[in-house]
Amino acid sequence: MSWNQPITRGTKRDRPRPLAAIDGRVTFEAAVETWIAQHVMPGGRHYATTTQNVIRSNLLGSRLTGWRKGEDIETVDQWNADKAVKFMRWYQDEMHADADTVRKFRTQLRQFGRFCADKYGHADSIGPALDALRIAAGPTDPKDKLPALSKGESDLLLGTAPTTRDQLIVALLLYTGLRPSELVALEERHVDLARNPPVVVIEGSVHNPTRTKTEAGARTIPLNVGGHRKLTSLMRTHLTDPKRPRGAEYLLLSKRLDSQGNPERLTIGGLDLILARLEKATGIKCNAYRFRHTFCTRCADGGMAMTTLKQLLGHKTIEMVAYYYRGKTSQEVLEAATRIRF
C-alpha cells in the first residue's frame with residue numbers, strides 16, 4: 001500500500017456502558033459511578049465535572065482497572081480495605097508512583113470505601129489498613145533522576161517491542177513527547193496522515209476528553225520530528241492491520257473485551273504494564289515520562305527554539321520545558337552548540 005493512499009475507516013461505534021451487575025451483584029464500575037454521582041462534599045456541593053473525570057480515570061480507566069483484572073475483582077462485594085492496601089503497595093512499589101499521587105489515590109479509595117459500607121453494607125470496605133499504610137516521604141518514582149534515553153537504548157526498545165501496536169506506542173512516546181494520559185486517549189480521527197507533514201492532534205486526555213492538562217489547549221504535533229519516518233510508517237501499518245476491528249474509535253486498543261465483545265481502550269495501567277515488560281526484556285529503565293524527557297532533550301539539543309518546544313509539549317511556561325530537559329555536556333550538546341551562529 002502506498003504511503004499516500006487514504007485509509008478506509010469503519011463506522012464509529014457507540015461507547016459501551018459498563019455492566020451494572022453480574023449475577024445480581026453490583027459491579028465495581030457501577031459502584032464507582034454511583035458514588036461519583038451521589039457524593040456530597042462539605043457545604044452541600046457535588047463533585048465538579050473535572051473532579052468526576054479525574055476520579056473516574058483513577059478508579060476505572062487507569063492502573064487500578066488492570067490490577068483488578070489480575071485479581072479477578074469484578075463486583076464491589078469482592079473489594080475491601082485489604083485489597084485496597086494490596087493495590088496501593090503494588091502501585092507505589094512496583095509502578096513507582098510518587099508519594100503525592102499515592103496519597104491522592106488513597107484519599108479517593110477511603111471515600112469510596114466509606115460509600116460502599118454505607119450504601120451496600122460492605123463493612124470490610126473500611127478499616128485501619130489504609131490508614132496504617134506507609135507512604136514514602138518523598139517521590140518514589142526514579143523518573144526525575146533518569147537521563148534521556150540514548151539512541152542505542154531507543155532503538156533497542158523499539159526493536160524489542162513484540163507487536164506493531166507496542167512499537168507504535170514506543171515510537172509515539174519517543175517522537176512526540178505525549179503525556180501517557182494523552183496517548184491512551186487518542187482516537188483515529190486525531191491522526192491525519194494525508195497532511196504534509198503527517199500530524200497527530202491532541203485535544204484532551206483520559207482525565208478530560210475535551211481539554212489537555214495545561215491551558216495550551218489542543219495542539220498539533222508532526223509525526224516526523226527529527227526527520228524520523230518510522231512513526232508514520234508504523235501508524236499506517238497499525239491503522240490498516242486486517243486484524244484491527246473496523247470502526248474502532250480509539251487508536252490504541254487493549255486485549256480485554258467489553259460486554260459486547262469489542263476490544264476496550266488501552267488504559268494507563270495497561271501502558272505501564274507494556275513498558276514494564278519492555279524494561280524487563282531490555283534491562284533499560286523506561287516509563288512514559290522518560291520518553292517525554294528524551295523527546296524534550298533531543299529537540300533542545302538539536303537547536304529547537306524553546307517557544308516551539310513549549311508548544312509541542314503542551315506546556316504553559318518555558319520553565320516547565322527546562323524541567324523536562326535532561327541534557328548533559330554530551331556529544332549531542334557539543335554538536336548543537338557548533339550549529340549556533342551569532
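Author: Let us begin with strand pairing. Strands of a sheet pair through backbone hydrogen bonds, either parallel or antiparallel. In this predicted model, Val-199 stands opposite Pro-222 in E5, and Ile-202 stands opposite Arg-219 in E5.

Reader: How many bridges join E4 to E5, and do the strands run parallel or antiparallel?

Author: Strand E4, residues 199-202, is joined to E5 by four bridges, and the two run antiparallel. E4 is also antiparallel to E3, with two bridges between them. There, Val-191 is the residue opposite Val-200 in E4. E3 and E4 make up a hairpin, with six residues between them.

Reader: In what order do the strands of this sheet lie?

Author: The sheet is open and has three strands, in the order E3-E4-E5, with antiparallel pairing. Strands E3 (191-192) and E5 (219-222) are its edge strands, each pairing on one side only.

Reader: Let us turn to helices. Which residues of helix H13 are buried?

Author: The general idea comes from helix geometry. An α-helix has 3.6 residues a turn, so residues three or four places apart point the same way. In helix H13 (residues 306-313), the buried residues are Leu-309, Leu-312 and Leu-313. Viewed down the axis of H13, these buried residues fall within an arc of 90°, so they line one face of the helix. Thr-307 and Gln-311, on the other side of H13, are exposed. After H13 comes Gly-314, which has a positive phi, near 80°.

Reader: Against which elements do the buried residues of H1 pack?

Author: Helix H1 spans residues 28-38, and its buried residues are Phe-28, Glu-29, Ala-30, Ala-31, Val-32, Trp-35 and Ile-36. These buried residues pack against strand E2 (25-26) and against helices H2 (49-59), H3 (63-71) and H5 (99-120). For the protein as a whole, 47% of the 342 residues count as buried.

Reader: How many salt bridges does the count come to?

Author: Side chains of opposite charge can pair when their charged atoms come close. Here the count comes to 14 salt bridges. One of them joins Lys-151 and Asp-155, whose closest N and O atoms are 2.9 Å apart. The two residues are four apart in helix H7 (residues 151-160), and are therefore separated by about one helical turn. Lys-151 is exposed, at 57% relative accessible area, whereas Asp-155 is partly exposed, at 37%.

Reader: Which parts does the pair of Arg-290 and Glu-153 tie together?

Author: The side chains of Arg-290 and Glu-153 meet in a salt bridge at 4.0 Å, N to O. Because Arg-290 lies in helix H12 (residues 288-301) and Glu-153 in helix H7, the pair ties together parts that are 137 residues apart in sequence. Arg-290 is buried, with a relative accessible area of 5%, while Glu-153 counts as partly exposed at 25%.

Reader: Are Arg-244 and Glu-188 buried or exposed?

Author: Arg-244 counts as buried at 10% relative accessibility, and Glu-188 likewise counts as buried at 10%. Their salt bridge has its closest N and O atoms 2.9 Å apart. Arg-244 lies in the loop between helix H10 (230-239) and strand E6 (253-257), and Glu-188 in the loop between helix H9 (180-183) and E3, so the pair ties together parts that are 56 residues apart in sequence.

How values were computed: Residues are numbered from 1 along each chain as its sequence is written. This is a predicted model: local features need pLDDT of at least 70, side-chain atom pairs count only at pLDDT 80 or more; totals for chains, interfaces and linings use all residues. Side-chain values use heavy atoms; hydrogens and water are left out. Buried means under 20% relative accessible area, exposed over 50%, partly exposed in between (1.4 Å probe, protein chains only). Contact means heavy atoms within 4.5 Å. Two strands pair if DSSP finds at least two bridges between them. The arc is that of the directions from the helix axis to the C-beta atoms.
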